[in-house]
Amino acid sequence: MIERRKSARPSNDDVSFPRIKSGNVQADDILGGGFPCNSINIIMGQPGTGKTIFAEQLLFHNIGGDRPLLYLTTLSEPMSKVVNYVQRFAFFDSSVLGTAIQYEDLGATLAEHGPAGLMNWLDDAIKTRSPKLIVIDSFRALHDLATPTDDIRRFMSAFAGLLSAYEVTTFLLGEYTQRDIDRYPEFAVADAIVELARQPLSTRDERFMRVLKLRGSGYREGQHAFRITSTGLELYPRLVAPRVPERYESSLDRLPTGVHGLDKMLSGGFLEGSTTLVVGTTGSGKTTLALQFALEGLKRGEPTLYVNFQENPAQLRRAIENLGGNLDSAHENGFGLLYASPVELQIDSIVVEIFDAIKQRAVRRLVIDAVGDLAAAASDPQRLHDYLYSLIQHFTARGITTLLTLESGEGFTGMSLPMDQRFSYMSDNLIHLGWKAEGPEHRTLRIVKTRGSGHDGETRHFDIAAEGVRIT
């Protein structure tokens with residue numbers, strides 16, 4: 001016998017009410033813990049954005065107890081295709097089909113009786129099967145039945161009343177657009193609205209999740225990138241800057257750079273927890289200097305992470321060996337290498353991987369070579385700026401000493417956009433490497449700025465020898 005609800009929906013001040021987990025830890029984090037129990041939720045997005053996969057991943061995650069989960073198809077994709085495609089994912093379990101998870105095709109019922117047919121079917125199913133979760137895919141198809149708007153509104157009122165009277169959580173999937181939010185009545189009764197979107201780029205697509213509404217709960221705003229993998233949706237929550245502590249104490253300890261002559265110019269090295277931007281043209285020595293900084297940390301027993309988008313691991317191994325290091329022994333002693341091809345680079349996923357590596361290795365030194373590749377991978381310059389700012393603030397709060405490299409055009413401000421300046425103001429130290437193809441002293445280094453520290457601001461010549469960069 002099904003139980004009627006014993007209490008009203010929680011108020012906006014009550015965030016401790018039970019949740020339906022999505023089957024994805026990151027999605028639940030974005031949703032403030034998951035979807036509210038006994039709620040009506042809309043999952044919207046254009047075809048191919050991942051709505052069906054997200055809903056099925058949620059269903060298979062919530063198997064348990066003596067109440068079934070219903071997946072209802074309407075006038076969109078045939079049920080046979082839905083069941084066929086879900087079998088390709090790791091979360092699929094054939095043993096629960098027909099029992100714990102029940103698929104039903106209501107296309108014929110809707111075609112013959114319209115929305116009233118769906119209402120009658122649901123009323124009977126809720127009373128006889130007592131489902132815990134119901135997914136209707138696609139709910140927007142009801143608007144394609146040439147039903148007058150007034151009838152749809154009356155239907156939605158009865159529909160919401162039926163679902164609210166019983167302990168059931170409902171998910172309405174549909175190919176809705178932003179324009180539909182203002183004109184369709186289901187958005188007014190929905191407790192949560194989640195949008196899945198796909199943005200085509202020149203060589204690949206980027207997918208994003210965004211929470212538009214979540215009653216009675218806080219959630220993480222903004223666009224959160226995701227990929228569709230064999231395990232379902234793999235989400236990368238948007239990075240936000242850390243909360244500023246009431247007391248902020250910076251370290252006065254200095255870290256040697258590993259570059260001959262540079263520590264003297266920096267009054268002893270980089271301040272611990274600071275961020276340094278090294279800017280220069282192609283071939284100016286940015287990667288060599290960055291590797292020297294990383295390997296110096298290795299010599300001093302400081303866990304180090306080198307994030308690289310330029311050279312592949314084989315090229316980087318060669319560069320490390322040319323500087324007298326050994327990549328295999330470096331790995332054993334705390335040197336981490338994180339490589340991502342700039343062709344498939346997605347800033348959201350690489351940020352998650354960086355933080356995972358930082359936690360696993362307790363990283364103290366970090367190199368990102370080069371941030372220009374992050375800029376090229378970002379579809380939105382402002383979003384990139386916010387990511388980098390938040391990223392640097394997290395590193396500073398953790399006391400991680402960071403070195404970033406950036407390739408510029410001819411001269412310090414030779415790029416078409418003032419990218420040098422956008423990144424430089426986020427950094428504590430700014431070093432410019434110059435390079436000319438001819439002349440006996442064709443490599444130059446200048447410390448443009450250091451925050452909270454004196455430095456040698458003269459332009460110095462350097463060469464690249466067997467041990468790396470040497471300021472002459």
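## Helices, strands and the whole protein

Helices are DSSP runs of H or I with at least four residues, and strands are DSSP runs of E with at least two, both numbered from the N terminus. By this rule there are 16 helices and 22 strands in the protein. The model is a predicted one, in which local features need pLDDT of at least 70 and side-chain atom pairs count only at pLDDT 80 or more, while totals for chains, interfaces and linings use all residues. Residues are numbered from 1 along each chain as its sequence is written, and side-chain values use heavy atoms, with hydrogens and water left out.

Of the 472 residues in the protein, 51% are buried, where buried means under 20% relative accessible area, exposed means over 50%, and partly exposed lies in between (1.4 Å probe, protein chains only). The accessible surface comes to about 21,500 Å², and carbon and sulfur atoms account for 49% of this surface; such areas come from the Shrake-Rupley method with a 1.4 Å probe, and for residues only the protein chains shown count as cover. A contact means heavy atoms within 4.5 Å, and among contacts between residues at least 6 apart in sequence, 71% join residues at least 24 apart.

How many of the residues of β14 are buried? The count is 6 of the 6, so β14 is largely enclosed by the rest of the structure. Both of its faces are covered, with T275, L277 and V279 buried on one side and T276, V278 and G280 buried on the other. Strand β14 (residues 275-280) pairs in the parallel sense with β19 (residues 429-435) over 5 bridges, and β14 also pairs in the parallel sense with β18, over 6 bridges. Within these pairings, L277 has L430 in β19 as its bridge partner, while V279 stands opposite H432 in β19 and has L406 in β18 as its bridge partner.

## V448 in strand β20

The residue V448 is found in strand β20 (residues 443-450). Its relative accessibility is 30%, so V448 counts as partly exposed. Not counting residues up to four places away in sequence, V448 touches L430, H432 and H455. The C-alpha atoms of V448 and H432 are separated by 6.8 Å, although these residues are 16 residues apart along the chain.

Helix α13 (residues 347-361) packs with α15 at an angle of about 5°, with their axes 12 Å apart. The two helices α13 and α15 are therefore roughly parallel to each other, since angles under 35 degrees count as roughly parallel, over 145 as roughly antiparallel, 65 to 115 as roughly perpendicular and the rest as oblique. In this contact, I347, D348, V351, I354, F355 and I358 of α13 meet R383, Y387, L391, H394 and F395 of α15. By class, the contact has 8 nonpolar, 1 polar and 2 charged residues, where Ala, Val, Leu, Ile, Met, Phe, Trp, Tyr, Cys and Pro count as nonpolar, Asp, Glu, Lys and Arg as charged, and the others, Gly among them, as polar.

Another open sheet, in the order β5-β4-β6-β7-β3-β8-β9-β10-β11, is formed by 9 strands with mixed pairing. Its edges are β5 (101-105) and β11 (232-236), each with a single partner strand, so one side of each is left without a neighbour in the sheet. Strand β4 (residues 69-73) runs parallel to strand β6 (residues 133-137), and 5 bridges join them; L70 stands opposite I134 in β6. Helix α3 (residues 79-86) lies across β4 and β5, running at about 145° to β5.

The axes of helix α5 (residues 115-129) and helix α6 (residues 149-164) come within 11 Å and cross at roughly 5°, and α5 and α6 are therefore roughly parallel to each other. The residues of this contact divide into 11 nonpolar, no polar and 1 charged.

Definitions and conventions: Pairing = 2+ DSSP bridges. Axes fitted to C-alpha atoms, helices over the stretch in contact; angles between N-to-C directions.
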